Amino acid sequence: MTQHGSEVSAPAAKAALLHRLHHDGPPLALANAWDVASAVVIASTGASAVATTSAGVAWSLGVRDGNVLARDTAVALIARVARAVEVPVTADIEGGFGDDPSGVGETIRAVLEAGAVGVNLEDVAPGVDDTLRDAAEQAERLAAARDGADSVGIPFYLNARVDTYLRSIGDPAHRFAETTARATRYLDAGADGIFVPGVVDPQTIRALVDAIPAPLNVLAGPGAPSVGELEALGVRRVSLGSSVAAAAFAVAEQAAIELASTGTYGSVRGELDYARLNQLIG
């Protein structure tokens, strides 16, 4: 944190707050945003931080999810979101928008300049649905991310995503061992926390919490344990991922189907008040 007299860097203060939210109080619960409107709506509820969803961002910008979005396009969206809310922003940057570790470092510097103070960085191999990057290679990318942040002087929160469960890698015993081995390696490379999407079984979550010496982030949704139950298991961060965006798009689809088939409008019942939403955006 850079200080000149009593002047403290606002990004550094937000980064420090984001770190505290992973350690103090209840779990950091994130209803992921995909554009400025969703971000300001989420922030208006009293959310302590805003996270973006890479899938929702990609869909809203007209490309499929999965390391297809261009870095500059993603960073521009992050900047718009960060300017629109006062709370810390953590960005899902997929695989880092870089072909090699130096490219990941460049992305991190751009993301920090855009105003975000944390990122998710995943280890799935680009273009291959069920294959992960070599763990040593991913560790190098995480180390480059940490170096990129250090070069700017912001203690950003680096959340390392391990896709072993989401991609159903190996049998359950291998999956657990691979997850914890990768988590250890990623933490050694500079990660602050570990994100393991695809696991909602309480026994497995508890075992992961016990085995990983860092805040554990899980992906939740219908059928998953509640935030309170996850807190009791030791989880420190709970994300909804792309599901909020997907639910919003489902409303759009259903409204169009209803309008064409029955000529009625029930699907949009319960919409946000126009004046309130306009005021939030303004």
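Here are some notes on the sheet, a helix pair and a few residues of this predicted model.

1. Some ground rules to begin with. The model is predicted, so local features need pLDDT of at least 70 and side-chain atom pairs count only at pLDDT 80 or more, while totals for chains, interfaces and linings use all residues. Residues are numbered from 1 along each chain as its sequence is written, and side-chain values use heavy atoms, with hydrogens and water left out.

2. Eight strands form an open sheet in the order 3-10-9-8-7-6-5-4, with parallel pairing. Its edges are strand 3 (28-30) and strand 4 (50-51), each of which pairs on one side only. Strands here are DSSP runs of E with at least two residues, helices are runs of H or I with at least four residues, and both are numbered from the N terminus. Two strands pair if DSSP finds at least two bridges between them.

3. Strand 6 (residues 118-122) and strand 7 (residues 157-161) are joined in the parallel sense by five bridges. Across this pairing, Leu121 stands opposite Ala160, and Asn120 stands opposite Asn159. Strand 7 also pairs with strand 8 (residues 193-195), again in the parallel sense, over three bridges. There the bridge partner of Asn159 is Gly193.

4. How much of strand 7 is buried? Five of its five residues are buried. Buried means under 20% relative accessible area, exposed means over 50%, and partly exposed lies in between (1.4 Å probe, protein chains only). Tyr157, Asn159 and Arg161 point one way from the strand, and Leu158 and Ala160 point the other way. Helix 6 (residues 135-152) lies across strand 6 and strand 7 and runs at about 165° to strand 6.

5. Next comes a pair of threonines. Thr164 lies in the loop between strand 7 and helix 7, and Thr179 is found in helix 7 (residues 172-188). Thr164 counts as buried because its relative accessibility is 0%; Thr179 is buried at 0% too. Their side chains make a polar contact at 2.4 Å, and the side chain of Thr179 also reaches the backbone oxygen of Arg175 at 2.7 Å. A polar contact is a pair of N or O atoms within 3.5 Å; within protein, one must be able to donate a hydrogen and the other to accept it, and residues adjacent in sequence count only if both atoms are side-chain atoms.

6. What else do these threonines touch, not counting residues up to four places away in sequence? For Thr179, the partners include Val162, Tyr165, Val196 and Leu208. For Thr164, they include Leu132, Ile169, Arg175, Glu178 and Arg182. Contact means heavy atoms within 4.5 Å.

7. Now for a helix pair. The axes of helix 2 (residues 36-44) and helix 11 (residues 274-281) come within 9 Å and cross at roughly 100°, so helix 2 is roughly perpendicular to helix 11. Axes are lines fitted to C-alpha atoms, for helices over the stretch in contact, and angles run from 0 to 180 degrees between N-to-C directions. Roughly perpendicular covers 65 to 115 degrees; under 35 counts as roughly parallel, over 145 as roughly antiparallel, and the rest as oblique. Helix 2 contributes Ala37, Val40, Val41 and Ser44 to the contact, and helix 11 contributes Arg276, Leu277, Leu280 and Ile281.

8. Leu233 is buried, with a relative accessible area of 14%. Leaving aside neighbours within four places in sequence, Leu233 is in contact with Pro202, Ile205, Arg206 and Val209.
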